[in-house]
Amino acid sequence: MFKAVLIEKEDGAYRANVVELSESRLPDGDVLVDIEYSTLNYKDGLAITGKGPIVRSFPMVPGIDFAGVVRSSSDPAFFVGDRVVLNGWGVGEQHWGGLAQQARVKGAWLIRLPASMPSRSAMIIGTAGYTAMLCVMALQKHGIRPGDGDVLVTGGAGGVGSIAIMLLSKLGFRVVASTGRPEEQSYLRSLGAAEIVERSSLSEPGKPLQKERWIAAVDSVGSHTLANVCAGIKADGAVAACGMAQGLDLPASVAPFILRGIALFGINSVTRPCAERIEAWDRLASMLSGSDIEKTAVEIGLDEVVPAAGRLMSGQVRGRIIVDVNRWTEGSRCV
(Lines give C-alpha, C1' and ligand atoms only; values in the text may rest on other atoms or scores of the structure.)
Protein backbone atom coordinates (compact mmCIF):
# COMPACT_ATOMS: atom_id res chain seq x y z
CA MET A 1 0.00 0.00 0.00
CA PHE A 2 1.06 3.58 -0.61
CA LYS A 3 -0.39 7.03 -0.01
CA ALA A 4 -1.41 9.37 -2.85
CA VAL A 5 -3.48 12.43 -3.61
CA LEU A 6 -6.42 11.15 -5.65
CA ILE A 7 -8.79 13.36 -7.65
CA GLU A 8 -12.26 11.97 -8.34
CA LYS A 9 -15.17 13.51 -10.21
CA GLU A 10 -18.77 12.89 -9.27
CA ASP A 11 -21.78 14.71 -10.74
CA GLY A 12 -19.41 17.31 -12.21
CA ALA A 13 -17.78 18.09 -8.87
CA TYR A 14 -14.09 17.51 -8.16
CA ARG A 15 -13.03 15.82 -4.94
CA ALA A 16 -9.35 15.55 -3.93
CA ASN A 17 -8.19 13.56 -0.91
CA VAL A 18 -5.14 11.70 0.32
CA VAL A 19 -5.92 7.99 0.11
CA GLU A 20 -4.18 4.65 0.55
CA LEU A 21 -3.89 2.60 -2.63
CA SER A 22 -2.63 -0.82 -3.56
CA GLU A 23 0.37 -1.04 -5.90
CA SER A 24 -1.90 -3.06 -8.20
CA ARG A 25 -3.92 0.11 -8.87
CA LEU A 26 -0.94 1.79 -10.57
CA PRO A 27 -1.27 2.23 -14.35
CA ASP A 28 0.84 0.36 -16.88
CA GLY A 29 4.51 1.20 -17.27
CA ASP A 30 7.90 -0.48 -17.36
CA VAL A 31 9.58 1.33 -14.44
CA LEU A 32 8.32 1.44 -10.86
CA VAL A 33 9.70 4.38 -8.85
CA ASP A 34 9.71 5.00 -5.11
CA ILE A 35 9.08 8.74 -5.09
CA GLU A 36 11.00 10.87 -2.62
CA TYR A 37 9.89 14.38 -3.59
CA SER A 38 7.34 15.95 -5.89
CA THR A 39 6.12 19.52 -6.29
CA LEU A 40 2.95 21.57 -6.47
CA ASN A 41 2.84 23.41 -9.81
CA TYR A 42 0.25 25.70 -11.38
CA LYS A 43 -1.11 22.79 -13.44
CA ASP A 44 -1.45 20.71 -10.28
CA GLY A 45 -3.33 23.56 -8.64
CA LEU A 46 -5.75 23.68 -11.58
CA ALA A 47 -6.21 19.91 -11.41
CA ILE A 48 -6.75 19.64 -7.65
CA THR A 49 -9.11 22.61 -7.38
CA GLY A 50 -10.96 21.81 -10.62
CA LYS A 51 -10.38 25.34 -11.89
CA GLY A 52 -9.02 24.13 -15.23
CA PRO A 53 -9.69 21.18 -17.55
CA ILE A 54 -6.31 19.60 -16.84
CA VAL A 55 -7.34 16.09 -15.84
CA ARG A 56 -8.21 13.91 -18.84
CA SER A 57 -9.45 10.81 -16.99
CA PHE A 58 -10.65 9.95 -13.50
CA PRO A 59 -9.64 8.97 -10.92
CA MET A 60 -6.28 10.74 -11.27
CA VAL A 61 -3.19 11.13 -9.13
CA PRO A 62 -1.92 14.67 -9.90
CA GLY A 63 1.69 15.80 -9.93
CA ILE A 64 3.44 16.70 -13.18
CA ASP A 65 6.92 15.85 -11.88
CA PHE A 66 8.77 13.76 -9.33
CA ALA A 67 12.22 12.54 -8.29
CA GLY A 68 12.99 9.21 -6.72
CA VAL A 69 14.64 5.82 -6.90
CA VAL A 70 13.87 2.95 -9.26
CA ARG A 71 12.35 0.00 -7.38
CA SER A 72 11.93 -2.30 -10.39
CA SER A 73 12.39 -1.98 -14.15
CA SER A 74 11.78 -3.96 -17.34
CA ASP A 75 13.33 -1.13 -19.37
CA PRO A 76 16.97 -2.02 -20.18
CA ALA A 77 17.96 1.66 -19.79
CA PHE A 78 17.16 1.71 -16.04
CA PHE A 79 18.21 -0.44 -13.10
CA VAL A 80 17.10 -0.89 -9.52
CA GLY A 81 18.57 1.92 -7.42
CA ASP A 82 18.89 4.45 -10.25
CA ARG A 83 17.99 8.00 -9.18
CA VAL A 84 15.60 9.49 -11.71
CA VAL A 85 13.53 12.57 -12.47
CA LEU A 86 10.39 13.01 -14.55
CA ASN A 87 8.89 16.18 -16.03
CA GLY A 88 5.78 16.34 -18.17
CA TRP A 89 4.68 13.65 -20.65
CA GLY A 90 1.06 14.08 -19.54
CA VAL A 91 1.82 12.68 -16.08
CA GLY A 92 -0.70 14.03 -13.60
CA GLU A 93 -3.08 14.78 -16.47
CA GLN A 94 -3.53 11.57 -18.48
CA HIS A 95 -1.31 9.19 -16.49
CA TRP A 96 -1.05 8.95 -12.70
CA GLY A 97 1.56 11.38 -11.45
CA GLY A 98 3.99 12.32 -8.75
CA LEU A 99 1.91 13.39 -5.75
CA ALA A 100 2.17 9.89 -4.36
CA GLN A 101 4.71 7.60 -2.75
CA GLN A 102 4.97 5.42 -5.87
CA ALA A 103 4.62 5.81 -9.64
CA ARG A 104 4.75 3.36 -12.53
CA VAL A 105 5.72 5.06 -15.80
CA LYS A 106 7.37 4.49 -19.16
CA GLY A 107 11.15 4.46 -19.01
CA ALA A 108 11.25 6.78 -22.01
CA TRP A 109 9.77 9.50 -19.80
CA LEU A 110 12.62 9.36 -17.28
CA ILE A 111 16.16 10.63 -17.19
CA ARG A 112 18.82 9.96 -14.60
CA LEU A 113 19.43 12.76 -12.14
CA PRO A 114 22.84 14.43 -12.35
CA ALA A 115 25.08 12.68 -9.81
CA SER A 116 25.58 15.84 -7.77
CA MET A 117 21.87 16.63 -7.38
CA PRO A 118 19.76 15.21 -4.51
CA SER A 119 16.09 14.46 -5.17
CA ARG A 120 15.03 17.33 -2.91
CA SER A 121 17.11 19.83 -4.88
CA ALA A 122 15.75 18.45 -8.14
CA MET A 123 12.21 19.15 -7.01
CA ILE A 124 12.99 22.61 -5.66
CA ILE A 125 13.99 23.26 -9.26
CA GLY A 126 11.22 21.03 -10.60
CA THR A 127 9.34 21.48 -13.84
CA ALA A 128 9.26 25.24 -13.22
CA GLY A 129 13.06 25.49 -13.07
CA TYR A 130 13.52 23.02 -15.92
CA THR A 131 11.14 25.17 -18.00
CA ALA A 132 13.04 28.30 -17.02
CA MET A 133 16.27 26.69 -18.25
CA LEU A 134 14.62 25.76 -21.56
CA CYS A 135 13.62 29.44 -21.92
CA VAL A 136 17.18 30.60 -21.22
CA MET A 137 18.57 28.05 -23.67
CA ALA A 138 16.19 29.29 -26.39
CA LEU A 139 17.26 32.91 -25.86
CA GLN A 140 20.94 31.97 -25.93
CA LYS A 141 20.52 29.91 -29.09
CA HIS A 142 18.94 33.00 -30.68
CA GLY A 143 22.16 34.84 -29.91
CA ILE A 144 21.08 36.98 -26.94
CA ARG A 145 24.15 38.00 -24.88
CA PRO A 146 24.50 39.89 -21.57
CA GLY A 147 25.86 43.02 -23.24
CA ASP A 148 22.83 43.32 -25.52
CA GLY A 149 20.50 44.82 -22.92
CA ASP A 150 18.11 44.06 -20.07
CA VAL A 151 16.06 40.86 -19.88
CA LEU A 152 12.53 41.01 -18.47
CA VAL A 153 11.05 38.17 -16.42
CA THR A 154 7.28 38.33 -15.87
CA GLY A 155 5.65 36.55 -12.94
CA GLY A 156 8.92 37.09 -11.14
CA ALA A 157 7.85 35.71 -7.76
CA GLY A 158 6.44 32.51 -9.27
CA GLY A 159 8.22 29.21 -9.79
CA VAL A 160 9.41 29.77 -13.36
CA GLY A 161 10.14 33.42 -12.72
CA SER A 162 12.21 32.82 -9.58
CA ILE A 163 14.53 30.30 -11.23
CA ALA A 164 14.71 32.31 -14.48
CA ILE A 165 15.90 35.37 -12.55
CA MET A 166 18.62 33.33 -10.84
CA LEU A 167 19.83 31.70 -14.06
CA LEU A 168 19.91 34.91 -16.08
CA SER A 169 21.64 36.82 -13.29
CA LYS A 170 24.31 34.11 -12.96
CA LEU A 171 24.90 34.32 -16.73
CA GLY A 172 25.64 38.05 -16.40
CA PHE A 173 22.35 39.53 -17.63
CA ARG A 174 20.79 42.57 -16.02
CA VAL A 175 17.37 41.24 -15.03
CA VAL A 176 14.16 43.25 -14.69
CA ALA A 177 11.43 41.41 -12.76
CA SER A 178 7.71 42.07 -13.03
CA THR A 179 5.44 41.37 -10.06
CA GLY A 180 2.08 42.40 -8.70
CA ARG A 181 3.26 41.89 -5.13
CA PRO A 182 5.38 44.84 -3.97
CA GLU A 183 6.16 43.04 -0.71
CA GLU A 184 8.27 40.58 -2.74
CA GLN A 185 10.80 43.16 -3.94
CA SER A 186 13.50 42.14 -1.47
CA TYR A 187 12.99 38.48 -2.38
CA LEU A 188 13.32 39.26 -6.10
CA ARG A 189 16.47 41.29 -5.55
CA SER A 190 17.95 38.44 -3.50
CA LEU A 191 17.49 36.21 -6.55
CA GLY A 192 19.39 38.66 -8.75
CA ALA A 193 16.81 41.13 -10.08
CA ALA A 194 18.34 44.57 -10.63
CA GLU A 195 15.02 46.35 -11.21
CA ILE A 196 11.37 45.70 -10.36
CA VAL A 197 8.39 46.81 -12.46
CA GLU A 198 4.77 46.75 -11.42
CA ARG A 199 2.69 44.02 -13.06
CA SER A 200 -0.14 46.46 -13.85
CA SER A 201 2.14 48.39 -16.21
CA LEU A 202 2.10 45.32 -18.48
CA SER A 203 -1.23 43.62 -17.84
CA GLU A 204 -3.60 46.13 -19.47
CA PRO A 205 -4.19 46.67 -23.22
CA GLY A 206 -1.32 48.71 -24.70
CA LYS A 207 -0.01 50.15 -27.93
CA PRO A 208 1.04 47.63 -30.61
CA LEU A 209 4.54 49.13 -30.76
CA GLN A 210 6.09 50.69 -27.67
CA LYS A 211 9.41 52.09 -26.47
CA GLU A 212 12.25 49.56 -26.84
CA ARG A 213 13.05 48.51 -23.27
CA TRP A 214 14.39 44.94 -23.20
CA ILE A 215 16.50 42.80 -25.50
CA ALA A 216 14.67 39.65 -24.35
CA ALA A 217 12.07 38.33 -21.96
CA VAL A 218 10.86 35.17 -20.24
CA ASP A 219 7.07 35.27 -19.97
CA SER A 220 4.88 32.90 -17.97
CA VAL A 221 1.77 35.09 -18.06
CA GLY A 222 0.44 35.36 -21.64
CA SER A 223 -2.50 37.51 -22.79
CA HIS A 224 -2.07 41.33 -22.63
CA THR A 225 1.16 40.95 -20.66
CA LEU A 226 2.83 38.97 -23.44
CA ALA A 227 1.49 41.41 -26.04
CA ASN A 228 3.00 44.38 -24.17
CA VAL A 229 6.27 42.52 -23.62
CA CYS A 230 6.60 41.87 -27.36
CA ALA A 231 5.76 45.51 -28.09
CA GLY A 232 8.66 46.64 -25.86
CA ILE A 233 11.38 44.28 -27.11
CA LYS A 234 14.38 45.85 -28.84
CA ALA A 235 15.20 45.16 -32.49
CA ASP A 236 16.30 41.56 -33.14
CA GLY A 237 15.42 40.58 -29.59
CA ALA A 238 13.42 37.56 -28.49
CA VAL A 239 10.75 36.38 -26.07
CA ALA A 240 10.44 32.88 -24.60
CA ALA A 241 6.79 32.25 -23.71
CA CYS A 242 5.98 29.35 -21.40
CA GLY A 243 2.82 30.16 -19.44
CA MET A 244 -0.72 31.45 -19.45
CA ALA A 245 -1.38 32.74 -15.92
CA GLN A 246 -3.27 35.76 -17.31
CA GLY A 247 -4.85 33.95 -20.23
CA LEU A 248 -4.46 31.90 -23.39
CA ASP A 249 -5.22 34.80 -25.70
CA LEU A 250 -2.59 36.99 -27.39
CA PRO A 251 -4.15 40.36 -28.30
CA ALA A 252 -1.03 41.55 -30.13
CA SER A 253 0.05 43.11 -33.41
CA VAL A 254 2.52 41.89 -36.03
CA ALA A 255 4.29 45.28 -35.78
CA PRO A 256 7.16 44.26 -33.45
CA PHE A 257 7.78 41.11 -35.48
CA ILE A 258 7.91 42.89 -38.83
CA LEU A 259 9.30 46.32 -37.90
CA ARG A 260 11.82 45.16 -35.28
CA GLY A 261 12.42 41.58 -36.36
CA ILE A 262 11.82 40.10 -32.94
CA ALA A 263 11.32 36.37 -32.34
CA LEU A 264 8.73 34.64 -30.15
CA PHE A 265 9.68 31.18 -28.92
CA GLY A 266 7.00 28.90 -27.52
CA ILE A 267 8.50 26.69 -24.81
CA ASN A 268 6.84 23.29 -24.53
CA SER A 269 8.52 21.53 -21.62
CA VAL A 270 6.16 18.54 -21.68
CA THR A 271 7.52 16.54 -24.63
CA ARG A 272 11.11 17.68 -25.11
CA PRO A 273 13.55 15.10 -26.51
CA CYS A 274 15.71 13.20 -24.04
CA ALA A 275 18.97 14.88 -25.13
CA GLU A 276 17.51 18.35 -24.53
CA ARG A 277 16.24 17.31 -21.10
CA ILE A 278 19.64 15.97 -20.12
CA GLU A 279 21.33 19.18 -21.30
CA ALA A 280 18.89 21.30 -19.31
CA TRP A 281 19.31 19.28 -16.10
CA ASP A 282 23.09 19.14 -16.43
CA ARG A 283 23.19 22.91 -16.78
CA LEU A 284 20.86 23.37 -13.81
CA ALA A 285 23.10 21.13 -11.70
CA SER A 286 26.21 23.07 -12.67
CA MET A 287 24.72 26.56 -12.23
CA LEU A 288 22.54 26.34 -9.12
CA SER A 289 23.86 25.50 -5.67
CA GLY A 290 21.78 24.27 -2.77
CA SER A 291 21.97 27.67 -1.08
CA ASP A 292 20.78 29.36 -4.29
CA ILE A 293 17.61 27.34 -4.62
CA GLU A 294 16.70 26.92 -0.95
CA LYS A 295 15.60 30.55 -0.78
CA THR A 296 12.85 29.79 -3.31
CA ALA A 297 11.47 26.71 -1.52
CA VAL A 298 8.64 25.97 0.89
CA GLU A 299 8.36 22.30 1.88
CA ILE A 300 5.09 20.57 2.77
CA GLY A 301 3.98 17.00 3.39
CA LEU A 302 1.58 14.95 1.28
CA ASP A 303 -1.29 15.64 3.67
CA GLU A 304 -0.86 19.40 3.12
CA VAL A 305 -1.12 19.34 -0.68
CA VAL A 306 -4.87 19.90 -1.12
CA PRO A 307 -5.13 23.10 1.01
CA ALA A 308 -1.84 24.36 -0.46
CA ALA A 309 -3.32 24.01 -3.96
CA GLY A 310 -6.05 26.47 -2.98
CA ARG A 311 -3.48 28.98 -1.74
CA LEU A 312 -1.48 28.58 -4.95
CA MET A 313 -4.50 29.36 -7.12
CA SER A 314 -5.26 32.41 -4.95
CA GLY A 315 -1.80 33.88 -5.62
CA GLN A 316 -0.68 33.45 -2.02
CA VAL A 317 2.45 31.44 -2.82
CA ARG A 318 5.88 32.57 -3.94
CA GLY A 319 8.69 30.49 -5.35
CA ARG A 320 8.48 26.71 -5.24
CA ILE A 321 6.31 24.37 -3.16
CA ILE A 322 8.07 21.03 -2.80
CA VAL A 323 6.31 17.98 -1.41
CA ASP A 324 8.01 15.35 0.73
CA VAL A 325 5.60 12.54 -0.16
CA ASN A 326 6.79 10.49 2.80
CA ARG A 327 6.18 13.23 5.35
CA TRP A 328 2.96 12.92 7.24
CA THR A 329 1.58 15.15 10.01
CA GLU A 330 0.57 13.10 13.03
CA GLY A 331 -3.21 13.03 13.30
CA SER A 332 -3.84 13.86 9.64
CA ARG A 333 -6.67 11.92 8.06
CA CYS A 334 -6.15 9.53 5.16
CA VAL A 335 -9.37 8.50 3.39
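## Basis of the description

Because this is a predicted model, local features need pLDDT of at least 70 and side-chain atom pairs count only at pLDDT 80 or more, while totals for chains, interfaces and linings use all residues. Residues are numbered from 1 along each chain as its sequence is written, and side-chain values use heavy atoms, with hydrogens and water left out.

## The six-stranded sheet

Six strands form an open sheet in the order β10-β9-β8-β11-β12-β13, and their pairing is parallel. Strands are DSSP runs of E with at least two residues, helices are runs of H or I with at least four residues, and both are numbered from the N terminus; two strands pair if DSSP finds at least two bridges between them. At the edges lie β10 (193-198) and β13 (263-266), each of which pairs on one side only. From one strand to the next, the twist averages 20 degrees.

Strand β12 (residues 233-241) pairs with β13 in the parallel sense over four bridges, and A238 stands opposite A263 in β13.

## Helices on the sheet

Helix α3 (residues 159-170) packs on the sheet and touches β8 (151-153), β9 (175-179), β10 and β11, with its direction at about 160 degrees to that of β8. Here contact means heavy atoms within 4.5 Å, and angles run from 0 to 180 degrees between N-to-C directions, with axes fitted as lines to C-alpha atoms, for helices over the stretch in contact. Helix α6 (residues 223-231) lies across β8, β11, β12 and β13, and runs at about 150 degrees to β12.

Within helix α3 lies I165, which is buried, with a relative accessible area of 0%; buried means under 20%, exposed over 50%, and partly exposed in between (1.4 Å probe, protein chains only). Not counting residues up to four places away in sequence, I165 touches several residues, including V153, V175, A177 and L188. The C-alpha atoms of I165 and V175 are separated by 6.5 Å, although these residues are ten apart along the chain.

## Helix α1

In helix α1 (residues 42-49), the residues D44, G45, L46, A47 and I48 are buried. The buried residues of α1 pack against β1 (2-10), β2 (13-21), β3 (31-40) and α10 (305-313).

## Salt bridges

The structure holds 18 salt bridges, each being a side-chain nitrogen of Lys or Arg within 4 Å of a carboxyl oxygen of Asp or Glu. One of them joins D82 and R112 at 3.0 Å, N to O. D82 lies in the loop between β4 (65-73) and β5 (83-87), and R112, 30 residues apart from it, in strand β7 (residues 110-112). D82 counts as buried at 15% relative accessibility, whereas R112 counts as partly exposed at 41%.

Another salt bridge joins E294 and R120 at 2.3 Å, N to O. E294 lies in helix α9 (residues 290-294) and R120 in helix α2 (residues 119-141), so the pair ties together parts that are 174 residues apart in sequence. Salt bridges that share partners join R120, E294, E299, E304 and R327 into one network.

## A nonpolar surface patch

L209, V254, I258 and L259 form a nonpolar patch on the surface, with about 400 Å² of accessible area together. Such areas come from the Shrake-Rupley method with a 1.4 Å probe, and for residues only the protein chains shown count as cover. Patches are made of residues with over 30% relative accessible area and no salt bridge, like charges being joined within 9 Å and nonpolar side chains (Val, Leu, Ile, Met, Phe, Trp, Tyr) within 5 Å. L209 lies in the loop between α5 (200-203) and β11 (214-219) and is partly exposed, with a relative accessible area of 31%.
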